Amino acid sequence: MRDFTYTANPARVLFRSGSLAMLPDEAKRLDASRILVLSTQEQHDSASRVAALLGSACVDIFPGAVMHTPVATTEQAVARVAELEIDAIVAIGGGSTIGLSKAIALRTDLPQIVVPTTYAGSEVTPIIGETRDGLKTTQTTLKVLPEVVIYDVDLTLGLPRGMSVTSGMNAIAHAVEALYARDGNPIIDMMAVEGVGAMARSLPLIARDAADQEARSDAQYAAWLCGTCLGAVGMSLHHKLCHTLGGRFNLPHAETHSILLPHALNYNAPAVPAALAALASTLDDPHPAYALYRLAEGLGAPLGLRDLGMPEGGIDEAADLAMSNPYWNPRPLERDAIRGCIAAAWAGEPPQSLDSR
Ligand code: NAD
């Protein structure tokens, strides 16, 4: 018998090739007539395309989204929102652009339509991380949950191969940790298993042919499922490690997730037999931590934190950070074992106890 509490987050999700064309109707549904479109500088062209599609309902583009949602950028955007009397936000891009959109919604309560172009999953979570003076803090509030998510596979075809595979591994990490979450439940478990399987099957196809629309669609479907897992249940060691190491050593988000995931899962493995069995089944491999390492390796993803610029001398500090501000984890936090995981992840070695295979 299994006891659980399940709270579903509200979501309106449009999922199909060409769905960006549905954006004007979605804006009308929200009674939006003075829209600010958000993007990064790199995706300014995509934002211009969105603006053209919205016609007179688009008042301006703010192409200033950057990684880790710095409060100073948000304040600039919020000033534009006030100045232009904006009544809705449209964000096109990955987690960074969606983060800015959420940060604006947090301060203004404006409705958001988001058009994700990576597999990070932020579009379906009520979570917002913001950075002030180099310190990233995270909060969870339904105020930041986007009203509409438009998944248009065609917008992901140009996501560079390297970013595609690490972003996909980032998505898998959400589902893996959902499978052993303290507040897990059978609905989220189903989504997690389906999400991990669909992503693990599609990434090798995308690595071979980045324009494989069928595989891209499967990956986007998986990203939605995995993001929903992240938004519904609590995360543990893996997400904590990525958060603290990313912030302390200025490591890129998706790559850090991709590298650490096999090691964090390996650490928790003895405490989570049911999650391991589910992962073994969906990955079709009796050793899920090693299977994820091999998947990343086969995809040509970076395997070592040292490849991302983390200094070797940072391993001990990282272990101390992982032990600070205690948080729930299925296996109690043991500094030496955690240090071992970080050291293996730093060197790009396979998950420790399996490296003799
Ligand atoms: P990102 O949004 O930073 O994108 C990386 C780069 O790729 C950017 O320059 C972006 O413009 C570009 N890009 C995105 N899609 C593209 C495409 N299809 N084609 C070409 N270029 C494209 O990367 P990300 O990994 O999606 O997001 C990382 C950020 O999101 C981090 O700050 C992370 O903390 C946050 N995040 C938050 C949540 C949450 O629930 N709050 C979840 C996941 C990630």
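**View A. Leu38 and its bridge partner in S3.** Leu38 has Phe62 of S3 as its bridge partner. The two strands are S2 (residues 35-40) and S3 (residues 58-65). They pair in the parallel sense, over five bridges. Pairing requires at least two DSSP bridges between two strands. Strands are DSSP runs of E with at least two residues; helices are runs of H or I with at least four; both are numbered from the N terminus. From S2 the chain passes through helix H2 (residues 44-54) to S3, a right-handed β-α-β crossover. Right-handed means that, with the strands pointing away from the viewer, the path from the first strand over the helix to the second runs clockwise.

The model is predicted: local features need pLDDT of at least 70, side-chain atom pairs count only at pLDDT 80 or more, and totals for chains, interfaces and linings use all residues. Residues are numbered from 1 along each chain as its sequence is written, and side-chain values use heavy atoms, leaving out hydrogens and water.

**View B. The S6-S7 hairpin.** Strand S6 (residues 127-132) and strand S7 (residues 135-140) run antiparallel, joined by six bridges. Arg132 stands opposite Leu135 in S7. Two residues lie between the strands of this hairpin. In the turn, Asp133 has a positive phi of about 50°.

**View C. The shell around the ligand.** The ligand is surrounded by 23 residues (a heavy atom within 4 Å). Thr40, Ser96, Thr117, Thr118 and Thr125 are the closest. By class, the shell holds eight nonpolar, 12 polar and three charged residues. Here Asp, Glu, Lys and Arg count as charged; Ala, Val, Leu, Ile, Met, Phe, Trp, Tyr, Cys and Pro as nonpolar; the others, Gly among them, as polar. Helix H4 (residues 95-108) gives the largest share, three residues. The ligand lies between domain 1 (12-156) and domain 2 (161-354), because both give residues to its shell. The domain bounds come from an automatic or database assignment.

View D. A polar side-chain atom of Thr125 lies 2.6 Å from a ligand oxygen atom. Alone, the ligand exposes 860 Å², and the protein buries 85% of that. Areas follow the Shrake-Rupley method with a 1.4 Å probe.

Notes
Polar contact = N/O pair within 3.5 Å; in protein donor to acceptor, adjacent residues only side chain to side chain.
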